[in-house]
Amino acid sequence: MKKVMLFLGMTICTQAVSHAQGLGQAVADAIGSVTVTNEQVAQYSKQAVQQMDAKNPVAGPNDPYTQRLNNIIGPYRTIDNIPINYKVYAVKDVNAFATADGSVRVFKGLMDLMSDEEVLAVIGHEIGHVVNQDSRDAMKSALRRSAVRNALGSGSGAIGRLSRSQLGAVADGFLGAKFSREQESQADDYSYDFLKRNGKNVIALATSFEKLAKLSGGSQGGKVAELMSSHPDSKARSERIYERARRDGLAR
Ligand SMILES: [Zn+2]
């Protein structure tokens, strides 16, 4: 379980910060010069997810959580021409993420906290990051940092084959990535549009933020730290959703 925690919670955020602060200008320049193609991002995203799946307890096909997730997802297996594969991680943390290859991972803790409609809203948000290519860009920068740290980028200016531990570092870097406020708003809008288009409850997006915000203020703060740190301003964001819903006549 210790391994799992490495990916999640406060650990990952502080790691990401210390890496960033520890990098000198020369290293920062080197990171910028490493070439990472979209094809490499797709390939390494898939590998990183495979490794995370191996490290985390994945709920089996007959697990009630998997069955519930299947019900929630229903027909949404291909979204915006991206084939999505879904899995539940049987860990208590309140988290979910999506990677550039269309893998969506939802944690048990998040499913315990949220209603079916809210889980779908969170998934819509995460898929928004994929469609908007935020996930691809986050992976790209994680790969660049890894290449420089491991000196893989020197000389050839390219990324070579990654060892398991290097891939683990890339996955950590990806999961610790912070999206900008604009990226978050756009992912929110994506989820809102997705829910609206499919006749689902758009307000669930707002209430999912409210639940996260409430939880992060409570004793379980550390457990939602990762999701919250990449998703700040829950109150402002939920108000934005209510405002859109009012304009659309969808407020409940
Ligand atoms: Zn987000």
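(The arc is that of the directions from the helix axis to the C-beta atoms.) Buried here means under 20% relative accessible area, exposed means over 50%, and partly exposed lies in between, with a 1.4 Å probe and protein chains only. An α-helix has 3.6 residues a turn, so residues three or four places apart point the same way.

A word about what you are looking at. This is a predicted model, in which local features need pLDDT of at least 70 and side-chain atom pairs count only at pLDDT 80 or more, while totals for chains, interfaces and linings use all residues. Residues are numbered from 1 along each chain as its sequence is written, and side-chain values use heavy atoms, with hydrogens and water left out. The labels H and E come from DSSP runs, numbered from the N terminus: helices are H or I runs of at least four residues, and strands are E runs of at least two. By this count the protein chain has 13 helices and five strands. Of its 252 residues, 48% are buried.

How far can you trust each part? The score to look at is pLDDT, the predictor's confidence in each residue, from 0 to 100. Its mean over the protein chain is 80, and 76% of the residues reach 70 or more. Confidence is highest in helix H5 (residues 64-73), at a mean of 98, and lowest in helix H1 (residues 2-7), at 32. The pLDDT is below 50 over residues 1-21, and also below 50 over residues 218-226. Where pLDDT is low, the predicted coordinates should not be read in detail.

(Two strands pair if DSSP finds at least two bridges between them.) E3 and E5 pair in the parallel sense over five bridges, whereas E4 and strand E5 (residues 103-107) run antiparallel and are joined by three bridges. Arg-105 in E5 is the bridge partner of Lys-87, and Arg-105 is also the bridge partner of Phe-97. Ala-98, meanwhile, stands opposite Val-104 in E5. E4 and E5 form a hairpin with four residues between them, and Gly-102 in the turn has a positive phi of about 90 degrees.

Is E5 covered or open? E5 is mostly covered, as five of its five residues are buried. Ser-103, Arg-105 and Phe-107 point one way from this strand, while Val-104 and Val-106 point the other way.

Several residues we have met come together in the largest nonpolar core. This core has 39 residues, and those with the most contacts inside it are Leu-69, Ile-79, Tyr-86, Val-104, Ile-123 and Ile-127. A nonpolar core is a set of buried Ala, Val, Leu, Ile, Met, Phe, Trp, Tyr and Cys residues joined through side-chain atoms within 4.5 Å. Leaving aside neighbours within four places in sequence, Ile-123 is in contact (heavy atoms within 4.5 Å) with Leu-69, Ile-73, Tyr-86, Val-104 and Val-106. A second, separate core has 24 residues, including Tyr-44, Phe-97, Ala-142 and Leu-162.

Asn-81 lies in the loop between strand E1 (78-79) and strand E2 (82-83). Asn-81 has a positive phi of about 65 degrees, although it is not a glycine, and it is exposed, with a relative accessible area of 75%. Gln-133, in the loop between H7 and helix H8 (134-149), also has a positive phi, near 70 degrees. Gln-133 is partly exposed, with a relative accessible area of 38%. Arg-237, by contrast, has its place in helix H13 (residues 234-247) and is buried, with a relative accessible area of 7%.
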